[in-house]
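Please look over the sequence and the structure below, and then read on.

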Amino acid sequence: MAVRIGELLLKEERITAAQLQEALDRQQAEGGKLGFNLVQLGFVEDDEIASVLSKQYGVPSINLTQFDIDDGVIKLVPAATAKKYEIVPVSRDGATLTIAMSDPTNVFAVDDIKFMTGYQVEPVVAAQTAIMAAIERYYGNGHGPVNGSGIDTRENQDLGESQLALASQALENMPVLDDDDVGVLEDAADVDVVTLEKQGGEAPVVRLVNVVLASAIQKGASDIHIEPYEKEYRVRYRIDGTLYTVMSPPLKFRDAITSRLKIMAKLDIAEKRLPQDGRIKLRLSTEGGAKEIDFRVSCLPTLFGEKIVMRLLDQSKLMLDMTKLGFESHSLVRFEDAIAKPWGLVLVTGPTGSGKTNTLYSAISKINIPGTNIMTAEDPVEFNLTGVNQVQMRENIGLNFAAALRSFLRQDPNIILVGEIRDFETAEIAVKAALTGHLVLSTLHTNDAPSTVNRLMNMGIEPFLVASAVNLICAQRLVRRVCENCAEEQPTPPPALEEIGFDAEQADTVVPRRGVGCERCRETGYKGRVGLYEVLQVTDDVKEMILMGASTLDLRKKAIEDGMLTLRHSGLHKIAAGQTTIEEVLKETVK
């Protein structure tokens, strides 16, 4: 490029060959660009260099000495960035920021400024000496102080002291962490990542993202929602099934936060039109030792930007003891009998986030013995189970549940777990596997246990196959558990208890409990969750009814006669035991 500029200047007779050679010699000795050396030697003026550069790159030129740049525009680009790339922001028009630079082909500079400011960047060309003088003029007198990491410290103020203070509170009650206590894990080796709090001091966006992740772990959140709206940007945590707003970062940091999370999850930051899924793995040191926590990341394009939802997967919180999940004793006996059979289909149903995966993992854990071959097809694989062959679905290459199931049948399995039955093809193979000597565990999205039978038929499975294959159907929900630290009795009139389902005798004796709110439960009155279970055992009588095309209502009546507890009655048991409140049961069940 340097010779090209020299050739242009020679062609236009702005310099002589001797002057060009002298400038080249000076450049070789002292460095710098040829144009800068020509100006320093007094052979050409700044505006002449700008004119030649404009012709060379096909970009408009600008004379910075004739501009008085607005202070608000200067503040958009930190001093360290301006000096690093030798650029000066000139003007802002809507969503476009015009910057003066001596080399408009420097795509790294353009991309960095796009990322940093959130504006579209329009480059104009100026002489290097003019740009250096402008940087000295606008940044050398106190504009844009920089810290040791090269980040404009004014950006910290832009985040808002109240927001950072709110976010930083998340770390106050966490144990003091050393430099190696927290790290993002990659496939090859651990990345040496400084403690979240220390690392956050280097850049406001990095700090904010790390505090959001650390705070979610500390508060026991199951999901993090990062949501952009037209005039608001908010972060919410789902704690014990309920979403709470924890902070509202400035809207200008939307793209930066999104890109930071996508980089951590190894996603394509340039793709903003299509949904993407990824994973972030953190290593956190606690008093009990180091543990790994996965964040399952989902990016979804919305009207005002990409919404990011992260599901926290903490192996240490995985409850594999079926006696502690919330099953009533006789329901648990029925469930354990079903998974102890050598073949048949066991279905767990419920909406997203109702604990189906935990129930299935608990079942697998109970029947996982050295003499069995267990295969699972999951989307995604949430937790790693020792001794279980787990397969991650990859729809983009044709590895779906149906394809995995076909392959499983050639792998000599005893027990097969299918993450979800979504279509006829998967349902058909699962039923056939259950009828040919395999125990098959899977999930469906239905409202209750009896309606699952009709759901399978609606998918195209013949009634005689459903009756022959299905051993048991378990519908479940999760309700918040009363905080034991602040629980107190809540006397309720017997008529009100009878209204929700208690009989007259129970209504006279049952005294519900509620939490009044304390520091341990964040003043909510709830701490943790417990399951409600509706277990339908497919007996011979139920099979006969399925073959005769019985309705969901008839199946429900027969199951209750056979001792099935409905979701509502499971909730009533939890109320009577003081484990949850009337409001929680009414929210999740119907009479």
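Two strands count as paired if DSSP finds at least two bridges between them, and the strands themselves are DSSP runs of E with at least two residues, numbered from the N terminus. The model is predicted, so that local features need pLDDT of at least 70 and side-chain atom pairs count only at pLDDT 80 or more, while totals for chains, interfaces and linings use all residues. Residues are numbered from 1 along each chain as its sequence is written, and side-chain values use heavy atoms, leaving out hydrogens and water.

An open sheet of mixed pairing is formed by 7 strands in the order β13-β12-β14-β15-β11-β16-β19. Its edge strands, each pairing on one side only, are β13 (389–392) and β19 (526–537). Within this sheet, Leu345 has Val470 in β16 as its bridge partner.

With 4 residues between them, β5 and β6 form a hairpin, in which Pro228 is the bridge partner of Tyr233; towards β10, Ile226 stands opposite Ile308. Of the 6 residues of β5, 6 are buried, where buried means under 20% relative accessible area, exposed over 50% and partly exposed in between, with a 1.4 Å probe and protein chains only. Asp223, His225 and Glu227 point one way from β5, whereas Ile224, Ile226 and Pro228 point the other way.

Leu303, in the loop between β9 (289–302) and β10 (305–314), counts as exposed because its relative accessibility is 74%.
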